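Work through the exercises below with the sequence and the model side by side, trying each task before reading its solution.

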Amino acid sequence: MMNGDTATSMLLWIIALFALSFLMQELQIYRIVTEVENYLGIIRAARERALLAAKEQVKRYSKPLNPEYVGMKIDKLIETKIIAPTGLDPFGIVKKLKHVLLIGERALESEVASLAPAASPHEVQNLVVLVDIARSLNEIYKLLNHYYLIARRFKSLWLLMQLNAAMPFIIEEVRAVEGAIEAFKKSIPIGDSAGPFVAALLMRKHGVQYIVEPVKDTIVAKLAYSNKDVYVIKGKGPGGNTGHYDDAVAWVIQRAKPAVIITVDAALRYEGEVSGEVVHGFGVAIGGTGVEKYGIEEIAVKHSIPLYAVLIKMTEVEALSVMTEEVYRGVREGVAVVEELLESLPEGSSAIVVGVGNTVGVPP
Amino acid sequence: MSKTPHPRRWVPTYIVLLTSLLVLSAALVLQYFRTGSDSYLVSAGFIALIAAYTAWSFARLITLKVIPRSLVTLLRCPSCGNEVTRKYREGDMLFSESDQCPKCGSKMLTEGIFLKEEKR
């Protein structure tokens, strides 16, 4: 038999344990909320820095326009959205997507050009990328802030936990995107410029018979290569753009019958791998929306052209930040690997080499 | 280049905090021996736990490796093939002519602009 004191003490313990179970959950929510808020603070600061850099850079070329007006226009530009076409009927969706992306790209470029009348075409391209970086960071921040506010409103521990778990990866991406600002301000190559850099080095090393710009911001150079017709395709540069490789490949196909299409691109490396390592691949090495990859694959299948890829490995941060020495060494090695592939082709044959990536700081 | 603040800037803060906690813990143990009151010992144990956590965080911080990198320009002489790496200067552009070659006096070409690990 329990006496009165023991029973009261036990009851108090049970009540305390019961209350504690709720308190612990509240404390856990509070801890996660604080962590997520800290991460959001980092992303918000990155967005502000990117926006400030874009505004400062555009204002350098915006005379005689009112700086306040320019700032206000950039605030509007970073809010613009690209609406993907409907996938209800997927037939022809790639063409629709290409159309929408092209319109968005041209509209942004003409808007930025009108805000920076004193900027040269390649400076306008770098300004466009800076505005695009601010737009991406703004989008990331707004989306995460939305999920955070929803989770807080409904006190959803599971939503907060998911958000908290994803945050370190998102922060890594944000840091990578932010790392590109410095490169575009100074117009120097980033890790992703490895592909166009290989293309430019091939052009310098072997000399060119002619260079044409059959597609906007994309150049095709015919190399003075011994007994082979080698066409090199890259973004025009040194402004920050990626070019339109599928249209340029189509242009070459109308004039030659290539034995091979070689795409050279930056590839994300796994943890534990070495940056700057060069590996071979089969297929089209182009990231992004997949529109250009689709275009080149279509051409290759139609004409039965083998697709080779040369990949230069790097981390996501390295791909978007100023080029590192390891990646640069990879570029030099990439040139040798492409030359080896070209050497293995029979005499008199032709080939297309596509330098894929942002061509910032890499002139033709 | 804008640099991310180095995490080791927190080292002095950690040293001050850790020393204070250890001194406080030792003082509480001393008080326990003087007075024999258990509450001093409990408090000393609690402070020692915080000190252990601080020491663990400090150990993680000082073993953290951050490799400093600087932006450099690689120049190559088209005549003699001599390669020179120097600090990046505003206006450096790939494949443009730059400084004179220290060996043959020809104009050198900019072959690369990249981040290089700083030698310590």
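**Exercise 1.** Which residues does K103(B) touch, not counting residues up to four places away in sequence?

*Solution.* This is a predicted model, in which local features need pLDDT of at least 70, side-chain atom pairs count only at pLDDT 80 or more, and totals for chains, interfaces and linings use all residues. Residues are numbered from 1 along each chain as its sequence is written, chains are lettered from A and ligands numbered from 1 in the order in which they are written, and side-chain values use heavy atoms, with hydrogens and water left out.

Begin by locating K103(B), which sits in the loop between β3 (97-100) and β4 (107-117) of chain B; strands here are DSSP runs of E with at least two residues, helices are runs of H or I with at least four, and both are numbered from the N terminus. Then look for contacts, meaning heavy atoms within 4.5 Å: K103(B) touches C80(B) and N82(B), leaving aside residues up to four places away in sequence.

**Exercise 2.** Find the edge strands of the open sheet in chain A.

*Solution.* First write down the order of the 7 strands, β1-β2-β3-β7-β4-β6-β5 of chain A, where the pairing is mixed. The edge strands are β1 (208-215) and β5 (278-282) of chain A, each of which pairs on one side only; two strands pair if DSSP finds at least two bridges between them. Next, follow β1(A) to its antiparallel neighbour β2 (residues 218-223) of chain A, to which 5 bridges join it. Finally, locate V212(A), whose bridge partner in β2(A) is V220(A).
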